[in-house]
Amino acid sequence: MKKLQLIGLVIIYTLLSSTAFATAFKDITGKVIDASNNQALPGATIYIPDLKVTAVTNNDGEFTINNLPSKGSYLMEVHYIGYKTATQIINFATPPNITFALQPTAIETREVVITGSMISSTSKRNSTSSAVVSKDQLLAPSTNLIDALTRIPGVSQITTGPSISKPVIRGLGYNRIVTLDDGIKQQGQQWGDEHGIEIDQFKSDRVEVLRGAASLIYGSDALGGVINLLEPSTAPNGQVKGELISNYSTNNGLTANSLMLTGNENGFVWRARGTYKNAYSFKTPTGYFPNSGFNETDLSGMVGLNKSWGYSHLNVSSFRNNIGFYDPSLDANGNFVKEDGDPFLHSDFKSRSLEYPRQDIRHFKIALNNNFILANGNLKADFGYQQNQRRELEDGPSPSLFFDLKTYNADLKYYINETDGWQPVFGISADAGRSQNKADDEFLIPNYNTYGIGAFAYAKKNWESNTFSIGARYDYRKNNGKQLFVDDEERFAPFQNKFSNVSGALGFTHQFNDELNFKANAGSAFRAPNPAELASNGVHEGTFRYEIGNSNLSPERSYQVDAALEYEGKIISASASVYNNYIHNFIYASTNGETTIAEGTQYPVYRYGQVNANLYGAEASLTIHPVSFIHFENTFGYVHAHNSTLDRPLAFIPAGTLRNELRFEPKFKGTNDAYLSVGINSAFKQNRVDETFETPTSGYTLLNAGIGATFNLGKQPVKLSVSGNNLLNQKYYDALSRYKPGRLSSEDPSLGIYNTGRNITFGLYVPFMVAK
């Protein structure tokens, strides 16, 4: 009932805002042409990110965008397949005769707009190290959202089988990475090893990954980077369109189906999506891993207004995931059995019915995103409410662990119109959370309340071929832990922590010419300890260990620098970046061999402590298009992490990676976007491990391949694809897999579960128009 009341209040607010901020409006027209022959380009997409407005050119290459603000300068971007993306800042007060002349190219353009930084700008004018994953790349075979992002150099994942992935950027993960969805921070249980990201894999139209500290914008948790999920752009006025996605994977029988509809009628915009995924146990090169199936149901929707005063969008989503879990035990013959020695019911491992233990994860979210056009600038206001429920079920439907977290977020940014190349931004953000244990049997973290507030000032200066940015932020966080007695013994002592600190950042970019670009950043950021690090005291079933927090932890303080050089030519595009991130009071859980008995079972004890850490590394990419139908893409990523306090490697750091893909893109009559690809993914040895509680991993090389094309059935395009991963069925352990030897079992350090074996995925993608 409370959720319905909240939704109702937000809808009323949305409608009222349309009159409160009403301004004069105008229509803007323009044309998109081929720069080489001046011919019109029908079907080109025009998008204004800061207004969330979309238009498409007609058969004459012309477009009209209605109900735009009568003043202000906004960045417009134009996309057309086979051409470089064009961007231009348009002054709406005196709009020119807008003509976008697009340059044909075989190279995938880097000239994209980054919206997750403080001010939306092209990548060349944005000093942040960033990468964009397009819709086509998100549709490539992957088991979840984070898995799809690991193609980006510097991005990796902590996996617990195919169903659970946690993002890692430049060696940092957990609460050091912020995930933005619907414009607000995703608030779940990021502190847990086996706690994934509760977001629909198919929901986003594209994803921006900001590598490096972004605490200036998003507060203390953005110490390592940001994953910004961008909702599909609104439909052009008068259109209703949609998409159907359907995939099937042979390894674990994964079926994934998603249907979306979106429309726009005179600025009233809406969208609805439903997704369902289901899989049985995954198969390694040596056999199936028991009870590793999952099923996921996602529903989401949006209603809003795009008017001359700006926009106001209400997003609502519901995520539910049931995941099979298994604490491995072997019988005398080496077969998997349950902890009590009983065999699994489904010996063929292909049953889609999950056994116990398993997880039941639910996430409800409502977000209100606004951008109001004011006299001297604009005000962006984002509000969110989330409820995250995580049930860990050991041997029946009654949860042994049950976390119920409710959070509230508010974020306000005021942008002052650009003057003499300077654009200032001021902002304030606040959040509040309440976590409760609702299980009766086991407890890991106490009930707690958390509060945070932050304020920042930022300015960006553009002149000639240069951009300079500077900013500072103040954050305050308070955690209140609740006391708990179990059987007259104090399990959790009450605690209260208050943390505050200042972050700062400098950025610079320089464009030597149209092809060569340089960017650099320097900054300091901090992260406050979370309640799990401060006060854990119990068995964490998902990680097979007993965790003990430390209420005396200090905030982490990061000092980070990075630099990148980017080149984009007619045949070759390339980039190279280096970075160094020194973290004072780095928080992590470690063990010294201590064990304890809990509920008749022996567990290793992990205690939270702090050290100084230094992480540095490099990322590079090289794409070659010698002719229009050959695409050769190569990426490299490496991070070196050292525990400076104890003079040994930092634990659980990804291995260096090298990815190579050769794509043939021939032109066949009756098809579009046809391709045939062969790829090799290689990971180097990871011998830099903390031997106290981690084992090395060997290097490996995986062979992948794919084929696909878009066919036209009348006027309806249909995209079909077949992709194969690990075609040689290679046995390997990823360095960040929680199933590798040494992490899976404290009793048998040699016990490990190989990563997924050979997998063939069949894909179908159908974009369609319902009405126009």
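Is R170 buried or exposed? I looked this up before anything else. R170 is buried, because its relative accessible area is 6%, and buried means under 20%. I note here that I am working with a predicted model.

**Entry: the R170 pair**

I then looked for the partner of R170. R170 makes a salt bridge with E619. Their closest N and O atoms lie 2.9 Å apart. I checked where the two residues sit. R170 is in the loop between β12 (165-169) and β13 (172-173). E619 belongs to strand β42 (residues 601-624). The two are 449 residues apart, so I noted the pair as a link between distant parts of the chain. E619 has a relative accessible area of 4%, so I logged E619 as buried. R170 and E619 are linked with R211 and D562 in a network of salt bridges.

**Entry: other salt bridges**

How many salt bridges does the count come to? I got 30 salt bridges. Side chains of opposite charge can pair when their charged atoms come close. I wrote up two further pairs.

K438 forms a salt bridge with D404, and the closest N and O atoms are 2.7 Å apart. I compared their accessibility. K438 is partly exposed at 41%, whereas D404 is buried at 1%.

D431 forms a salt bridge with R477, again with the closest N and O atoms 2.7 Å apart. I placed D431 in strand β30 and R477 in strand β32. They are 46 residues apart, and the pair links distant parts of the chain. I found both D431 and R477 buried.

I stayed with strand β32 (residues 466-481), where N480 is found. The side chain of N480 makes a polar contact of 3.0 Å with the side chain of Q496. I logged N480 as buried, because its relative accessible area is 13%.

**Entry: a charged patch**

Which residues form the negative surface patch? I listed D395, D440, D441 and E599. I took D441 for a closer look. D441 lies in the loop between β30 (422-437) and β31 (448-463). Its relative accessibility is 55%, so D441 counts as exposed.

Most residues other than glycine have a negative phi, and most peptide bonds are trans. I searched for exceptions.

The peptide bond from Y356 to P357 is cis, with omega near 5°. I placed P357 in the loop between β26 (336-337) and β27 (358-374).

D420 has a positive phi, near 50°. I found D420 in the loop between β29 and β30. D420 is exposed, because its relative accessible area is 68%.

N726 has a positive phi as well, near 50°. N726 is in the loop between β48 (716-725) and β49 (759-771). Is N726 buried or exposed? I read 3% relative accessibility, so N726 counts as buried.

Note on methods. Residues numbered from 1 in each chain as written. Predicted model: local features only at pLDDT ≥ 70, side-chain atom pairs only at ≥ 80, totals over all residues. Heavy atoms only, no water. Patch = residues over 30% accessible without salt bridge, like charges linked within 9 Å, V, L, I, M, F, W, Y side chains within 5 Å. Areas by Shrake-Rupley, 256 points an atom, 1.4 Å probe, with all protein chains shown as cover. Salt bridge = Lys/Arg side-chain N within 4 Å of Asp/Glu carboxyl O. Lys, Arg positive; Asp, Glu negative; His and termini not counted. Charge placed at Lys NZ, Arg CZ, Asp CG, Glu CD. Helix = DSSP H or I, 4+ residues; strand = E, 2+ residues; numbered from the N terminus. Buried < 20%, exposed > 50% of the residue type's maximum accessible area, 1.4 Å probe, protein only. Polar contact = N/O pair within 3.5 Å; in protein donor to acceptor, adjacent residues only side chain to side chain.
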